[in-house]
Amino acid sequence: MNNSFAEFITTEDENSAIISALTHVISGHTDVGPGAVVITEILPQQNMCGHCGMRIPEECLGCDLYTSGGGEERKKKKRYRGVSLRTSGNWAAEIMVPGKVRKWLGTFRTEEEAARAYDMANIRYRGKNAKTNFPVEEYQEILKK
């Protein structure tokens, strides 16, 4: 038979060994008492998830699906000021004008189009000192008015 020690150890035995080892280390003991299990066999290297450190595919729940490192983007997230995603999948732009009044600017197919609409409206209301999503130099035609 070509079985290794790791195939015979139970989860309960493993947990017991871990607790015993931690207790031993924390208490400062340097001797190995009777009944102690010492594992000298080097276990084969397994694929480990770089994010959670668990074995792939047995234990890892798919961290790459939820991190920016892999998988598809789960949700579109807004990146620009004054822009939000509608349930239809279109991007909406709106601005709070002086006097705390919300001004609807419209819906757009792309997030960037909505951000530019916000920028142009913001420059019209606040001038060259407006906080914009893109460099204010890109809107020279509006600044001249």
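Predicted model: local features only at pLDDT ≥ 70, side-chain atom pairs only at ≥ 80, totals over all residues.

1. Among the contacts in the chain with a separation of 6 or more, 25% are accounted for by residues 24 or more positions apart.

2. Overall make-up. The chain contains three helices and three strands. Read from the N terminus on, its elements follow the order α-β-β-β-α-α. Of the 145 residues in the chain, 20% are buried. The accessible surface amounts to about 11800 Å², and carbon and sulfur atoms hold 53% of that surface.

3. The sheet. The three strands make up an open sheet, ordered β1-β2-β3, with antiparallel pairing. At its edges lie β1 (83-85) and β3 (101-108), each of which pairs on one side only. From one strand to the next, the twist averages 30°.

4. Pairing of β1 with β2. Strand β2 covers residues 91-97 and is joined to β1 by three bridges, the two strands running antiparallel. Two of the pairings can be located by residue: L85 stands opposite W91 in β2, and V83 has A93 in β2 as its bridge partner. The hairpin of these strands has five residues between them, and within this hairpin G89 takes a positive phi near 95°.

5. Pairing of β2 with β3. Seven bridges join these two strands, which also run antiparallel. W91 has F108 in β3 as its bridge partner, while V97 is partnered by V101 in β3.

6. The turn between β2 and β3. This hairpin has three residues between its strands, and G99 takes a positive phi near 100°. K100 lies in the loop between β2 and β3. The phi of K100 is near 60°, a positive value in a residue other than glycine. In general, most residues other than glycine have a negative phi, so a colleague may wish to look at this position in the model. With a relative accessible area of 73%, K100 counts as exposed, because that value is over 50%.

7. Strand β2 is mostly covered, with five of its seven residues buried.

8. The surroundings of N90. Where in the chain does N90 lie? N90 belongs to the loop between β1 and β2. Leaving aside residues up to four places away in sequence, N90 touches S84, L85, T107, F108 and R109. The C-alpha atoms of N90 and F108 are separated by 5.7 Å, although the two residues are 18 residues apart along the chain. The relative accessible area of N90 is 29%, so N90 is classed as partly exposed.

9. The aromatic pair. How many aromatic pairs does the count give? The count comes to one aromatic pair. This pair is formed by Y80 and F134, with 5.3 Å from centre to centre and 40° between the planes, and it is described as tilted. The label follows because planes under 30 degrees apart would count as stacked and those over 60 as edge-to-face. The pair links distant parts of the chain: Y80 is in the loop between α1 (11-27) and β1, F134 is in the loop between α2 and α3 (140-143), and the two are 54 residues apart.

10. Are Y80 and F134 buried or exposed? Y80 has a relative accessibility of 15% and therefore counts as buried. F134, at 14% relative accessibility, likewise counts as buried. The cut-off that decides both cases is 20% relative accessible area, under which a residue is called buried. F134 also has a charged residue over its face, namely R116, at 4.0 Å from the ring centre.

Key
Residues numbered from 1 in each chain as written. Heavy atoms only, no water. Pairing = 2+ DSSP bridges. Helix = DSSP H or I, 4+ residues; strand = E, 2+ residues; numbered from the N terminus. Axes fitted to C-alpha atoms, helices over the stretch in contact; angles between N-to-C directions. Buried < 20%, exposed > 50% of the residue type's maximum accessible area, 1.4 Å probe, protein only. Contact = heavy atoms within 4.5 Å. Areas by Shrake-Rupley, 256 points an atom, 1.4 Å probe, with all protein chains shown as cover. Phe/Tyr/Trp six-rings, centres within 6.5 Å; stacked < 30°, edge-to-face > 60°. Lys NZ or Arg CZ within 6 Å of the ring centre and 35° of its normal.
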